[in-house]
Amino acid sequence: MSFPRSAARPVLALAGAGALLLTWGGPAHAQQESTTVEPAGAAFSVSLAGEATFEAGPMTVTCTVSDSAPGDGNNLVPDEPDNHNPEGAVTGSINAPGFDDCESDLPLVDVEVDVTDAVWDMSMQHGATTVGTMHVPAAGIVVNTSGLASCTATVSPDAPVGIQGTWTNGGTVSTLGFDTTAPIELEGDTACSDDDEAVFEATYEVTNTDDPETPITVGS
């Protein structure tokens, strides 16, 4: 059975649900200024605040669960002196976030999101706009849709992709906000859109799990 393109185009947004944190746009690249992440050695969690919204054409997808928790030596601010870089970003590893409870406003379409790599890298760059970047391996997220359309969406299948969001220091909880697009390669039946990107908006809260009253901050 085939579907008209007008019905097929929104499926990309479902695929966009798999993109979540993956972006090739976002804030302008920060200049390579001195960066310090504090407190040194602290463990941190990253949790979605509210909903993540994905849009393509007339279609909207929302996800309410996406998080990354410390474990296996990941989600740690580097110890001194590695939490400071006088010439650029401070980098560490994070456990890849899981993505759950996603719904589409297109009827009769289900979506399943697979994170294919358990560990990603994350870098923080201080500047006029402080940027948090998550570095995701090639094909690190794969999204399958079923029902009205059977599609497989692979995020940046041939090369790693950098996620850029705007970092804001907080009194106890800092935030990392995304407002950008995500590159996707889409395969499947004739109902699958041939678009190659989806819009993504979300805000994540970053909490110091060792001492929740002391925020994770990025400065010079």
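**Close-up views of a predicted model**

**View 1. The disulfide of Cys63 and Cys102.** With 110° about the S-S bond, the link between Cys63 and Cys102 is right-handed. It joins distant parts of the chain, with Cys63 in strand β4 and Cys102 in strand β7, 39 residues apart; strands (E, at least two residues) are DSSP runs numbered from the N terminus. The sulfur atoms of Cys63 and Cys102 are 1.9 Å apart, a disulfide being a pair of cysteine sulfur atoms within 2.5 Å. One disulfide is found in a search of the whole structure. Cys63 is buried, as its relative accessible area is 0% (buried means under 20%, exposed over 50%, partly exposed in between; 1.4 Å probe, protein chains only).

The model is predicted, so local features need pLDDT of at least 70 and side-chain atom pairs count only at pLDDT 80 or more, while totals for chains, interfaces and linings use all residues. Residues are numbered from 1 along each chain as its sequence is written, and side-chain values use heavy atoms, with hydrogens and water left out.

**View 2. The negative surface patch.** Glu51, Asp67, Asp100, Asp101 and Glu103 form this patch (residues with over 30% relative accessible area and no salt bridge, like charges being joined within 9 Å; a salt bridge is a side-chain nitrogen of Lys or Arg within 4 Å of a carboxyl oxygen of Asp or Glu). Strand β7 (residues 98-104) contributes the most, with three residues. Asp67 belongs to strand β4 (residues 59-68) and counts as partly exposed because its relative accessibility is 39%.

View 3. Val143 lies in strand β11 (residues 141-147) and, at 0% relative accessibility, counts as buried. Its C-alpha atom is 8.3 Å from that of Val155, twelve residues apart along the chain.

Technical notes: Patch = residues over 30% accessible without salt bridge, like charges linked within 9 Å, V, L, I, M, F, W, Y side chains within 5 Å. Areas by Shrake-Rupley, 256 points an atom, 1.4 Å probe, with all protein chains shown as cover. Lys, Arg positive; Asp, Glu negative; His and termini not counted. Charge placed at Lys NZ, Arg CZ, Asp CG, Glu CD. Helix = DSSP H or I, 4+ residues; strand = E, 2+ residues; numbered from the N terminus.
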